[in-house]
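I opened my notebook to get to know a structure that was new to me. Here is what I looked up, one entry at a time.

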Amino acid sequence: QVQLVESGGGLVQAGGSLRLSCAASGRTFSRYAMGWFRQAPGKEREFVSAISRSGDSTNYVDSVKGRFTISRDNAKNTVYLQMNSLKPEDAAVYYCAADRRAFATMLSARTDEYGYWGQGTQVTVSS
């Protein structure tokens, strides 16, 4: 069982930066690939980024490549999402999630592959 708590959201001007954090409970954090998703009002939840168990493999949706960076610190049971050059279209509730498959070797962008979710943190980008 993994419990996740996001933090770091807020209001930022377009072009600004935010760093989201997701703290996981338990001693099994390193068993799971982790992902970040986002959901804007009236839209479906969409994949943003994922990172492997060791952190040596990452994946991003095209719209954030070159602007967002995912990382993790297994010693701190925390995954991060550094968001730079933010745009109004990045505004959403951001969720971190743990892959439901312990020891998964392939990164997934599918919401149904993630079995544990945080409560979300709001990111607002003003133009």
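The entries below go from the whole chain to single residues.

**Entry 1: ground rules.** I am working with a predicted model, in which local features need pLDDT of at least 70 and side-chain atom pairs count only at pLDDT 80 or more, while totals for chains, interfaces and linings use all residues. Residues are numbered from 1 along each chain as its sequence is written, and side-chain values use heavy atoms, with hydrogens and water left out.

**Entry 2: the whole chain.** I looked up the secondary structure and found zero helices and eleven strands in the protein chain. Here strands (E, at least two residues) and helices (H or I, at least four residues) are DSSP runs, numbered from the N terminus. The radius of gyration is 13 Å, close to the 14 Å that the globule rule gives for 127 residues, so the protein chain is as compact as a globular protein of that length. That radius is taken over C-alpha atoms, and the rule is 2.2 Å times the number of residues to the power 0.38. The C-alpha trace spans about 40 × 25 × 25 Å along its principal axes.

I also checked burial: 46% of the 127 residues count as buried. Buried means under 20% relative accessible area, exposed means over 50%, and partly exposed lies in between (1.4 Å probe, protein chains only). For contacts, meaning heavy atoms within 4.5 Å, I looked at pairs at least 6 apart in sequence, and 58% of them join residues at least 24 apart.

**Entry 3: an open sheet.** I found an open sheet of four strands in the order E1-E3-E8-E7, with antiparallel pairing. Two strands pair if DSSP finds at least two bridges between them. Strand E1 (4-7) and E7 stand at the edges with a single partner strand each, so one side of each is left without a neighbour in the sheet. From one strand to the next, the twist averages 15 degrees; the axes behind it are lines fitted to C-alpha atoms, for helices over the stretch in contact, and angles run from 0 to 180 degrees between N-to-C directions. Inside the sheet, six bridges join E3 to E8, and Leu-18 has Met-83 in E8 as its bridge partner.

I then picked Ser-21, which is found in strand E3 (residues 18-24). Ser-21 is buried, at a relative accessible area of 16%. Beyond its neighbours within four places in sequence, its contacts include Val-5, Trp-36 and Val-79.

Entry 4: Next I followed E5, where five of the six residues are buried, so the strand is largely enclosed by the rest of the structure. Five bridges join E4 to E5, and the two run antiparallel. Trp-36 stands opposite Ser-49 in E5. The E4 and E5 hairpin has six residues between its strands, and Gly-42 in the turn has a positive phi of about 80 degrees.

On to E6 (residues 58-60), which three bridges join to E5, again antiparallel. Ala-50 has Asn-59 in E6 as its bridge partner. This hairpin also has six residues between the strands, and Gly-55 takes a positive phi near 90 degrees.

**Entry 5: the cores.** Which residues have the most contacts inside the largest nonpolar core? They are Leu-4, Trp-36, Leu-81, Met-83 and Tyr-94, in a core of 29 residues. Such a core is a set of buried Ala, Val, Leu, Ile, Met, Phe, Trp, Tyr and Cys residues joined through side-chain atoms within 4.5 Å. Apart from it lies another core, of five residues, among them Phe-47 and Tyr-114.

**Entry 6: two positive phi values.** Most residues other than glycine have a negative phi. Yet Asn-77 has a positive phi near 55 degrees, and Ser-85 has one of about 50 degrees. Asn-77 is found in the loop between E7 and E8 and is buried, at 17%. Ser-85 is found in the loop between E8 and E9 and is partly exposed, at 40%.

**Entry 7: Arg-101.** My last stop was Arg-101, in the loop between strand E9 (92-99) and strand E10 (114-117). Arg-101 is partly exposed, with a relative accessible area of 27%. What does its side chain reach at 3.3 Å? The backbone oxygen of Met-106. A polar contact of 3.4 Å also joins the side chains of Arg-101 and Glu-113. A polar contact is a pair of N or O atoms within 3.5 Å; within protein, one must be able to donate a hydrogen and the other to accept it, and residues adjacent in sequence count only if both atoms are side-chain atoms.
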